[in-house]
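These are my notebook entries on a single protein chain. I record below what I looked up, one topic at a time.

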Amino acid sequence: MQTCRERSDDQAHIHRRGFLEVGAGAAAAGMALGTTQLAGAQAQAEKKAPEKPLAKRMLGRTGVEVSMLNLGTWRSVGLDRILRFAWAHGIRYVDTAKSYGSEPAIGRWLQSDASIRKQLFLVTKDHPNTPSEMIKKLDERLASLQTDYVDLIFIHAVGDHDIKTEIEWPKSKEFKETAEAIRKSGKAKFVGFSTHHPRRPEILQAAVEGGFVDAIMLQNNPWMAQEDAMNRALDACHKAGIGLISMKQVAGNVKLADIAARLPELKEKKLSPYQGLLHAIWTDERFSSCCVSMRNTDQVRENAAAARTFSPLTKAQMDAIRDACVAAGPTLCSGCDGRCSVAAGTTAELGNLTRFLTYHDHHGYRGEARRLYAEMTDDARDWKCADLEAARHACPSNLDFASLLPRADKVLG
Ligand code: SF4
């Protein structure tokens, strides 16, 4: 039975928008000032007072250290400005992909100052039909980025197109030979893959068995990582020296004010709820870096400050943040193995339905949400006979399907 369907790239990278809407005012102010004037003033300010690079962590066995916070650039608006701002705030790791549409802006930025490339850890991704196609695709990515090399190239979203064959890739001879050829060419220093597929524990274990992948970026959140299969897979990768990068780590679209009210200790530590969540993610030392889409300067400032003030959380603090997140009523599926649909006895894709509703209600992607909903099969949309209480009980984020799904029908259908 198909449960929560594999997501497309675009779906996969709409995340955490609902957490930080504080940048809207800043963006409006920017428009009032005029783009050119603002960009000039900001460029000056950013040049004047660059902050020290953020703390770095070793990326697996690569011998290279990377910023613990990295800038995700999925469909970023005003990326020229965000790149400069992130750099000025010490971020030295930028994540892009062919499908993000952000490579040209990154290329322009690299061309503007030759010293940037030397200090930057640059990662991009592409979708080959077979692993060996990555060799040609890497040339296309380099042309788009206007650079001779990237630090890390990922096969994008392993498992999403054909899980039956792709689950074998991380241990396949073809991918191994491709990775070796790419590393030898110098066009990418390291090779790996990203994944958010529900079967990612198996995909990670295949990478351990294969023994040739340098790094993996994977959907993660500090609570889901406690799942046994995932924990074992993360442990095995870490032990094997595979660098791990966390992405899509937010447990759901929760109300920040509710979390803040439940966790006064965050205020005492002068941390916002989102900064607390980042600290929870960084507390897991198996992860070298955390990829966060930052769409305005306030988000860059807040996240960089979180990295600068990081100290590991205790188990009690981790539990308190998790409980506050769940209690605050998340609406967004954080992605697991689709156990909600299994528990509910339905082929409806309950996780995707709540995900698309969140895009619509909280992330500002109304058209995209409706389009994704329209693409679903009738079976995937039909939750009417599902046991929604059982689904809620099974879901690690404790999603309130009984209130969310009728609304999904109403606004997306
Ligand atoms: S159980 Fe929850 S987190 Fe897992 S797929 Fe379903 S909605 Fe998503």
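**Entry 1: Aromatic pairs**

I began with Phe-212, which is buried, with a relative accessible area of 5%. I note that the model is a predicted one. I then looked up Phe-175, and it is buried as well, at a relative accessible area of 1%.

How many aromatic pairs are there? I found a count of five, taking rings whose centres lie within 6.5 Å as a pair. Phe-175 and Phe-212 form one of these pairs, with 5.3 Å from centre to centre and 80° between the planes. The arrangement is edge-to-face, because planes over 60 degrees apart count as such. I placed Phe-175 in helix H9 and Phe-212 in the loop between helix H10 (200-210) and strand E8 (215-219), so the pair ties together parts that are 37 residues apart in sequence.

I next examined Phe-356 and Tyr-359, whose ring centres are 6.0 Å apart with the planes at 45°, so this pair is tilted. Both residues belong to helix H18 (residues 350-361) and are three residues apart, about one turn of the helix. I recorded both Phe-356 and Tyr-359 as buried.

**Entry 2: Charges over rings**

I found Arg-117 over the face of Tyr-149, at 3.9 Å from the ring centre. I also found the charged end of Arg-381 over the ring of Tyr-373, 5.2 Å from its centre.

**Entry 3: Helix H7**

I looked up helix H7 (residues 134-145), which has 12 residues. Its first and last C-alpha atoms are 16 Å apart, close to the 16 Å expected at 1.5 Å a residue.

Which residues of H7 are buried? I listed Met-134, Lys-137, Leu-138, Arg-141, Leu-142 and Leu-145. Seen down the axis of H7, these buried residues fall within an arc of 145°, so they line one face of the helix. Lys-136 and Ala-143, on the other side of H7, are exposed. I noted what covers the buried residues, including helix H5 (103-112), strand E5 (121-126) and helix H9 (173-185). After H7 comes Gln-146, and its phi is positive, near 55°.

**Entry 4: Ser-288**

Is Ser-288 buried or exposed? I recorded Ser-288 as buried, because its relative accessibility is 4% and the limit is under 20%. Ser-288 is part of strand E10 (residues 287-293). A polar atom of its side chain lies 2.9 Å from the backbone oxygen of Met-58. Leaving out residues up to four places away in sequence, I found that Ser-288 touches several residues, among them Arg-57, Met-58, Val-66 and Leu-244.

Notes
Residues numbered from 1 in each chain as written. Predicted model: local features only at pLDDT ≥ 70, side-chain atom pairs only at ≥ 80, totals over all residues. Heavy atoms only, no water. Helix = DSSP H or I, 4+ residues; strand = E, 2+ residues; numbered from the N terminus. Buried < 20%, exposed > 50% of the residue type's maximum accessible area, 1.4 Å probe, protein only. Polar contact = N/O pair within 3.5 Å; in protein donor to acceptor, adjacent residues only side chain to side chain. Contact = heavy atoms within 4.5 Å. Expected span 1.5 Å × (residues − 1). Arc of directions from axis to C-beta. Phe/Tyr/Trp six-rings, centres within 6.5 Å; stacked < 30°, edge-to-face > 60°. Lys NZ or Arg CZ within 6 Å of the ring centre and 35° of its normal.
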